[in-house]
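Welcome! Keep the 3D view open as you read.

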2 protein chains.
Amino acid sequence: MNLVCAQCPVRDSAACSVLEEKERDALSTVGRTRVLKRGEMLFAAGDDEAACATLVSGAMKIAAVDRDGNEQILSLVHPSGFIGEMFTPFAHHDVVALTESRLCVFSRKDMERAIEDYPALARALLRRSQEDLHAARSMIELTAHGSAEARLAALLYDFARAASDSPCHPAGEFDLPLSRGEIANMLGLTIETVSRKLGELEDVGAIRRKGKRGIEIIDPAHLLALSGKDEN
Amino acid sequence: MNLVCAQCPVRDSAACSVLEEKERDALSTVGRTRVLKRGEMLFAAGDDEAACATLVSGAMKIAAVDRDGNEQILSLVHPSGFIGEMFTPFAHHDVVALTESRLCVFSRKDMERAIEDYPALARALLRRSQEDLHAARSMIELTAHGSAEARLAALLYDFARAASDSPCHPAGEFDLPLSRGEIANMLGLTIETVSRKLGELEDVGAIRRKGKRGIEIIDPAHLLALSGKDEN
DNA sequence: CGCATCTTTGATAGGAGTCAATATTTGTGG
DNA sequence: CCACAAATATTGACTCCTATCAAAGATGCG
């Protein structure tokens, strides 16, 4: 087996995990790994040579840039996530590393060929795309109705789950992958409101702040209740 | 060729348009057409026998229901749009007809088989899914930052374009497919705010209201400017 | 150690929500 | 075809949440 793939941490969870070993080797020869430092851009809105990629480790954000130059975070990408618009002539969004990130990058052309050669890959990407769609709609649901407190509680709960090993139970403690400004941006709030509401969540005993980025979940049920969500 | 398909208005634009004639005929034998009246539900959140469908004519809404029973419209579906979560055990959202709608419905099992048998279909659905994802993210961008006025202007502009024959120019006049309550719900506003802002858009000379549902676009550029968007 | 960046905290104001009343449209049955 | 009831939409007064403006504390990096 290809060396890179052999020790890939997402080899069993990424889209390419549905391929036969031979197929994956073939695909890996046209892909290349790339490492981005925090803040570095994989590609920008408007790029016409934007590629596709699977995130191997780290975290990325997908953000739109409006005509005033303000960015709006649309989605976070976690390891094994797939990035890339395969059917548009150019990228609509910026894709930026939140932490040092390792990616497996493919040109759009190679990716197009791959999904024709390997139908299972197309189906895997379809599944992933529908999951992303569901996540985006959950975000809509959250931001449409929902106070600042509810949005923040939901985001914290999501992060806690993402940080946990067990799939459904939230981690007891984790580091925020985003700055206050990024959190505010993602939730459609201001930095000040995020800061205040974090303080209130701490006062109420739902969380405890550990330094600037550290969060300890004291009362997950309370957090979930505040978020206004049932489960997912 | 199959009779139903032969006179299908979306036969050249729906996902199944990528199939060979023979393949499409085969698929059409396992699908069935269904007609829903305004307000009727295709399936509901939680249904485990939820199916997949292509919208042939009419308009549908996809809506989440929170634990208080309030609905949140997440997306509208227009003719040739595809509906259905193929990889989840049960439906997450309600799917309801906004106007009398005709659909081509497939059981999930048949659909799963179809995307295995016809790789081109899987690719077509992938493309559609990515388009839906992009639409959902545009919605996020709109609702996150953006005043009530901007959201409403953007929605009206979108509707005007959807109502137009030519792909890019907005229609000069059209009927709103949604009630005030549905518009409010979709934009994360209240009925009263929608009503007021519609009045202001009229005062400003951007639109003219014709009865409850009719809208005439007086000044498309102004509307676009208020929406805070560049183009799409 | 000092500067730059990020975060917290405070005071104020504005936009949208809420509550309430009125007007309009729609649909149904007489 | 009209009349009445129910649903939908508009308008007004008031309140509350969050944005904005401003300043002071942390935190981190060179």
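How many helices and strands are there in chain A? Chain A has eight helices and 11 strands. Please keep in mind that this is a predicted model. The points below start with the overall build of chain A and then turn to one helix in chain A and another in chain B.

**Overall build of chain A**
- The C-alpha trace of chain A spans about 55 × 40 × 30 Å along its principal axes.
- For 232 residues, a compact globule would have a radius of gyration near 17 Å, and the 19 Å of chain A agrees with that.
- Of the 232 residues in chain A, 50% are buried.
- Chain A exposes about 10,700 Å², and 48% of this area comes from carbon and sulfur atoms.
- Among contacts in chain A with a separation of 6 or more, 66% are between residues 24 or more positions apart.

**Helix H7 of chain A**
- Helix H7 of chain A (residues 191–203) has 13 residues, which should span 18 Å at 1.5 Å a residue; the end C-alpha atoms are 18 Å apart, so the two values agree.
- Which residues of H7(A) are buried? They are A:Val194, A:Leu198, A:Gly199 and A:Leu201.
- An α-helix has 3.6 residues a turn, so residues three or four places apart point the same way.
- A:Arg196 and A:Asp203 are exposed on the other side of H7(A).
- The cover over the buried residues of H7(A) includes helices H5, H6 and H8 and strands S10 and S11 of chain A.
- Just after H7(A) comes A:Gly205, with a positive phi of about 90°.

**Helix H6 of chain B**
- Is helix H6 of chain B (residues 180–187) mostly covered or mostly exposed? H6(B) is mostly covered, with seven of its eight residues buried.
- Among the buried residues of H6(B) are B:Ile183, B:Met186 and B:Leu187, and also B:Arg180 and B:Glu182.
- The buried residues of H6(B) pack against strands S4, S5 and S10 and helices H4, H5 and H7 of chain B.
- B:Gly188 follows H6(B), and its phi is positive, near 70°.

Note on methods:
Residues are numbered from 1 along each chain as its sequence is written. Chains are lettered from A and ligands numbered from 1 in the order in which they are written. This is a predicted model: local features need pLDDT of at least 70, side-chain atom pairs count only at pLDDT 80 or more; totals for chains, interfaces and linings use all residues. Side-chain values use heavy atoms; hydrogens and water are left out. Helices (H or I, at least four residues) and strands (E, at least two) are DSSP runs, numbered from the N terminus. The expected span of a helix is 1.5 Å times one less than its number of residues. Buried means under 20% relative accessible area, exposed over 50%, partly exposed in between (1.4 Å probe, protein chains only). Contact means heavy atoms within 4.5 Å. The radius of gyration is taken over C-alpha atoms; the globule rule is 2.2 Å times the number of residues to the power 0.38. Accessible areas come from the Shrake-Rupley method with a 1.4 Å probe; for residues, only the protein chains shown count as cover.
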